[in-house]
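Biologist: I am new to this structure. Please show me how to read it, one feature at a time.

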Amino acid sequence: MNVIWSNYIQGANTLYYSRRLRFDDMFAKQYQTLFDLDMDQPLKILEIGCGPGALAGALHRWYPNAEITAVDRDSAFIRFATEHEKGITFMEGDATTLPFADNTFDVTISNTVSEHIEPSAFYGEQRRVLKPDGICLVLSSRKGIQVTPSCLAPTAYEQQFWEKVSRYDDTLEKYAVCKYPMTEAGLPAAMEQYGFIDIQTGFVTVDLTPDNPKVPPAMAHDMINAERLGALDSIASVFCQMPERFTAQDIEEMKRLTNEKYDTRIALYERGEKQWDTNVGVTMVVRGRSKKAE
Ligand SMILES: C[S@@+](CC[C@H](N)C(=O)[O-])C[C@H]1O[C@@H](n2cnc3c(N)ncnc32)[C@H](O)[C@@H]1O
């Protein structure tokens with residue numbers, strides 16, 4: 001049982017609720033244009049490193065004729081995804097030794113996974129399981145815009161907590177997180193280097209601004225609460241990473257402060273006191289076609 005990612009790096013709530021917004025139907029057209037897949041075909045799609053399943057859920061809505069399989073090596077994510085997203089086959093599996101026969105899928109897709117896996121294995125396995133002329137889609141987060149409202153600014157207690165964490169935190173090196181980062185030029189070049197042709201690139205912009213009047217109230221709440229859940233998951237991860245450095249009371253106090261601040265943010269929203277905090281995510285989409293060896 002592997003629960004490294006969900007325990008130490010990003011919790012299931014963080015990934016699921018932030019990605020549900022990133023892959024909201026409001027942005028479907030942007031993704032569908034760049035994916036450029038035939039909606040009418042019964043495509044066999046494989047998502048690699050699916051985490052708790054939000055992108056797989058979006059693919060199921062956007063391509064109702066497709067058969068979707070999604071793998072991740074973290075068993076807690078697979079359990080969470082199976083409970084939260086229906087109509088998809090979720091299974092544990094490693095991207096470097098995919099548990100599928102050669103020439104099985106029409107499409108492979110991944111979101112914020114390529115930077116964690118050695119590229120020859122990452123692309124090589126996708127080429128192996130893709131049918132001739134199959135499509136590989138790699139989604140990668142790029143620098144966006146983040147504006148935090150003053151009501152969410154860290155208190156002195158929180159600042160001290162995070163300073164102490166940063167002094168001892170070796171999680172990223174220990175688990176090889178982001179060991180293979182690539183630039184916007186490097187990503188398509190890598191896809192080409194590892195045997196894909198007809199490479200195309202594009203960018204999806206997801207603007208999450210709760211105070212924007214065109215955002216329905218339920219979605220504005222989801223935007224604020226997705227950040228809250230991410231903050232709470234980060235605090236819980238600290239306790240998993242370095243239980244000897246913090247007491248249960250430290251962790252409880254951090255959670256209390258976090259909830260108090262996000263409750264204030266919600267109350268300001270309810271009263272119509274606009275903060276104009278925003279989180280603009282930019283996702284690069286790289287699309288290539290598998291060139292089979294002669
Ligand atoms: C940044 S998370 C992204 C998760 C998901 N794609 C999303 O956007 O919510 C990276 C994911 O890759 C998975 N992962 C990392 N290395 C992997 C490997 N070798 N095989 C399968 N999954 C892997 C992690 O378990 C984690 O779920």
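Biologist: Is Asp 198 buried or exposed, and how many C-beta neighbours does it have inside 10 Å?

Modeller: This is a predicted model, so everything we read is computed from it. Asp 198 has 12 C-beta neighbours inside 10 Å, so it counts as exposed. Asp 198 sits in strand S6. Its phi is near 50°, a positive value in a residue other than glycine.

Biologist: Where else is there a positive phi in a residue that is not a glycine?

Modeller: Look at Thr 112, with a phi of about 50°. Thr 112 lies in the loop between strand S4 (105-111) and helix H6 (119-129). It has 19 C-beta neighbours inside 10 Å and therefore counts as partly exposed.

Biologist: Now the sheet. What is the order of its strands?

Modeller: The general idea comes before the case. Strands of a sheet pair through backbone hydrogen bonds, either parallel or antiparallel. Here seven strands form an open sheet in the order S3-S2-S1-S4-S5-S7-S6, and the pairing is mixed.

Biologist: Which strands stand at the edges, and why is one side of each left without a neighbour?

Modeller: Strand S3 (89-92) and strand S6 (196-208) are the edge strands. Each has a single partner strand, so one side of each has no neighbour in the sheet. On average, neighbouring strands of this sheet are turned by 20° against each other, direction ignored.

Biologist: How many bridges join S6 and S7, and in which sense do they pair?

Modeller: Eleven bridges, in the antiparallel sense, link S6 and strand S7 (residues 278-290). Find Gln 200, which stands opposite Arg 287 in S7. Then find Gly 202, which faces Val 285 in S7.

Biologist: How many bridges join S5 to S7?

Modeller: Strand S5 (residues 130-147) and S7 are joined by eleven bridges and run antiparallel. Ile 135 stands opposite Arg 289 in S7.

Biologist: And where is the parallel pairing? What does S4 pair with over six bridges?

Modeller: S4 pairs with S5 over six bridges, in the parallel sense. Asn 111 stands opposite Leu 139 in S5. Strand S1 (residues 44-48) also runs parallel to S4, with three bridges between them. There, Leu 46 is opposite Thr 108 in S4.

Biologist: How many residues of S4 are buried?

Modeller: In a regular strand the side chains alternate between the two faces of the sheet. In S4, seven of the seven residues are buried, so the strand is largely enclosed by the rest of the structure.

Biologist: Let me try a single residue. Which residues does Thr 69 touch?

Modeller: Leaving out residues up to four places away in sequence, Thr 69 touches Leu 46 and Thr 89. Thr 69 belongs to strand S2 (residues 67-72). Thr 69 and Thr 89 are 20 residues apart along the chain, but their C-alpha atoms are separated by 4.7 Å. Thr 69 has 20 other C-beta atoms within 10 Å and is therefore buried.

Biologist: On to the helices. How many residues of H2 are buried?

Modeller: An α-helix has 3.6 residues a turn, so residues three or four places apart point the same way. H2 is mostly covered, with eight of its eleven residues buried. Among them are Leu 15, Tyr 16, Tyr 17 and Arg 19. The buried residues of H2 pack against H1, H4, helix H5 (75-84), S6, H10 and S7.

Biologist: What span does H10 reach from its first C-alpha to its last?

Modeller: Helix H10 (residues 217-241) has 25 residues and reaches 36 Å, close to the 36 Å expected at 1.5 Å a residue. Its buried residues include Met 223, Ile 224, Glu 227, Arg 228 and Val 238. The buried residues of H10 pack against helix H1 (4-9), H2, helix H7 (156-168), S6 and helix H11 (248-270).

Biologist: Last, the ligand. How many residues surround it, and which are the closest?

Modeller: The ligand is surrounded by 20 residues, and the closest are Trp 5, Gly 49, Gly 51, Asp 74 and Ala 95. The residues of this shell divide into nine nonpolar, six polar and five charged.

Key
Residues are numbered from 1 along each chain as its sequence is written. This is a predicted model: local features need pLDDT of at least 70, side-chain atom pairs count only at pLDDT 80 or more; totals for chains, interfaces and linings use all residues. A residue is near a molecule or strand if its C-beta atom, placed from the backbone, lies within 6 Å of it. Ala, Val, Leu, Ile, Met, Phe, Trp, Tyr, Cys and Pro count as nonpolar, Asp, Glu, Lys and Arg as charged, and the others, Gly among them, as polar. Two strands pair if DSSP finds at least two bridges between them. Helices (H or I, at least four residues) and strands (E, at least two) are DSSP runs, numbered from the N terminus. Axes are lines fitted to C-alpha atoms, for helices over the stretch in contact, and angles run from 0 to 180 degrees between N-to-C directions. The expected span of a helix is 1.5 Å times one less than its number of residues. Two residues are in contact if their C-beta atoms, placed from the backbone, lie within 7 Å.
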